[in-house]
Amino acid sequence: MDKEKIYIVSWNGVSDSGGVERITYYMLQAWKDIYDVRIIDLEQIRKKNIYGRFLGKHYVLDALLVSIYINHLKDKGKVKIVTQGFNAPYADADLYFAHGTMRGYKLAVQKDSKWHFNQYFEKRAAKRAKRIIAVGNHVKRELHELYGVNEAKITVLENCIDTDEFVPVNMERTDKVIQILFVGRLEFGKGMNEVIELAEYLEDKSGIKLLIASNSDENVELFGKFKNTEIQVGLKRHEMNAFYNSGDVMFFPSLYEGFELVTLEALSAGVPVMGNDVGAISDLYKRGQSGVGLLRGGIKEGVSNMIELAVQFRNYQRKLNLHEDMVENYNFNSYIGNLRDLWRHT
């Protein structure tokens, strides 16, 4: 008996480069033993389809062509379709995976209330889909309040991480140097201005450093003049646990998030996190999760609070406690089981 086919639309395929691509990988792992799962990315369509020569010119055209391609696949046989964001707004999706909303991002980061094509597309995709998975309660709320999506068809399933990969390392720390971490792209929406402000503030401070890990070299040159700041670009996923363990606290000044993986990874590695009231940090803080704090006031107060939080979690047992919290609530196997159960009812 042939397996049911599932097509997952992910423009950039499966990789560690971003949350969407990572969650696409998790979907693949959850379903591949039960279903015939295939990833639809732009490169694949470009190589194999008549529409390919038109792709990559503009996201609006890409979204329209991918929608046509997917509906053509559905016409050829019994298949299920999973879309994400505005990547296939006119496809008849069985499941829509919401990592956040472009409307929410524009309002929060760019303070732009105008409607753009990506927001129209995302709204259409969400309203057209039979069922939606939102990565957080705030994403569910945004879908309903900003796009008018029926809440009854939205299920919240928070992201997961591999808690076997991100673990505390019991290292003897005899020095008193506090190392603050930042993980992410150096761009405005991720709080780059605040990261620069932090680097400038630390220049005349002793006993405290800023360590940055970015998967892109964009804007790296802005940090070249800072002697108390170090940047590593392009670290692989298997290198990130060592990076987290090199720090005492993670600084997360992002202006908008869905349910970011880096916060879960840092906590699983035993590193406390202090950031803005967005995404996973917001949800975890409101639940009283240990090792999570919100940034208050200016950079001076923020540094003082980060140092206080870092000192609390220099103890290895306390780091293990953070890790165990992530194992209990965000482990990979539980997520896979929940995803399978959700799919069976789609």
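Student: Let's start with N215. Where does N215 lie?

Tutor: N215 lies in the loop between β8 and β9. Keep in mind that we are reading a predicted model.

Student: Is N215 buried, partly exposed or exposed?

Tutor: The way to read this is through relative accessible area: under 20% is buried, over 50% is exposed, and partly exposed is in between. N215 has a relative accessible area of 44%, so it is partly exposed.

Student: How far apart are N215 and F243, in sequence and in space?

Tutor: Along the chain, N215 and F243 are separated by 28 residues. In space, their C-alpha atoms are 13 Å apart.

Student: Staying with the loop between β8 and β9, what can I read from the phi of N219?

Tutor: N219 is found in that loop between β8 and β9. Its phi is near 70°, which is a positive value in a residue other than glycine.

Student: Let's turn to helix α1. How do I judge its length?

Tutor: Compare the reach from end to end with the expected span. Helix α1 covers residues 19-31, a run of 13 residues. From its first C-alpha to its last it reaches 18 Å, close to the 18 Å expected at 1.5 Å a residue.

Student: What should I know about the directions in which helix residues point?

Tutor: Here is the general idea: an α-helix has 3.6 residues a turn, so residues three or four places apart point the same way. For α1, now look at burial. Ten of its 13 residues are buried, so α1 is largely enclosed by the rest of the structure. The buried residues are E21, R22, I23, T24, Y26, M27, L28, Q29, A30 and W31.

Student: What covers the buried residues of α1?

Tutor: The cover includes the strands β1 (5-9), β2 (36-40), β3 (79-84) and β4 (95-98), along with the helices α9 (261-268) and α13 (332-344).

Student: Could we take Q29 as an example? Which residues does Q29 touch?

Tutor: Leaving aside residues up to four places away in sequence, Q29 touches F332, I336 and R340. Q29 is found in helix α1, and its relative accessible area is 18%, so it is buried.

Student: How do I read the two faces of a strand?

Tutor: In a regular strand the side chains alternate between the two faces of the sheet. Now take strand β10, residues 249-252. V249 and F251 are on one side, M250 and F252 are on the other, and all are buried, leaving both faces covered.

Student: Which strands pair with β10?

Tutor: Strand β7 (residues 178-183) pairs with β10 in the parallel sense over two bridges, and L181 has M250 as its bridge partner in β10. Strand β11 (residues 273-275) is also parallel to β10, with three bridges, and F251 stands opposite M274 there.

Student: Finally, how do I read a pocket?

Tutor: Rolling a probe the size of a water molecule over the atoms shows where empty space is left. In this model, the largest pocket has a volume of about 1600 Å³. Of its 50 lining residues, G18, G19, V20, R185 and K190 are the closest to its centre.

Student: Which helices and strands supply at least two residues of the lining of the largest pocket?

Tutor: Those are α1, α4 (102-110), α5 (117-128), β8 (208-214), α8 (240-245) and α9. By class, the lining has 16 nonpolar, 21 polar and 13 charged residues.

Methods
Residues are numbered from 1 along each chain as its sequence is written. This is a predicted model: local features need pLDDT of at least 70, side-chain atom pairs count only at pLDDT 80 or more; totals for chains, interfaces and linings use all residues. Side-chain values use heavy atoms; hydrogens and water are left out. Helices (H or I, at least four residues) and strands (E, at least two) are DSSP runs, numbered from the N terminus. The expected span of a helix is 1.5 Å times one less than its number of residues. Buried means under 20% relative accessible area, exposed over 50%, partly exposed in between (1.4 Å probe, protein chains only). Contact means heavy atoms within 4.5 Å. On a 1 Å grid over the protein atoms alone, a cavity is a set of points where a 1.4 Å probe fits but cannot get out, and a pocket is an open set with protein on both sides within 12 Å along at least five of seven lines; lining residues have an atom within 4 Å of a point. Grid points are joined across faces, edges and corners, and a volume is the space filled by probe spheres set on the points. Ala, Val, Leu, Ile, Met, Phe, Trp, Tyr, Cys and Pro count as nonpolar, Asp, Glu, Lys and Arg as charged, and the others, Gly among them, as polar. Two strands pair if DSSP finds at least two bridges between them.
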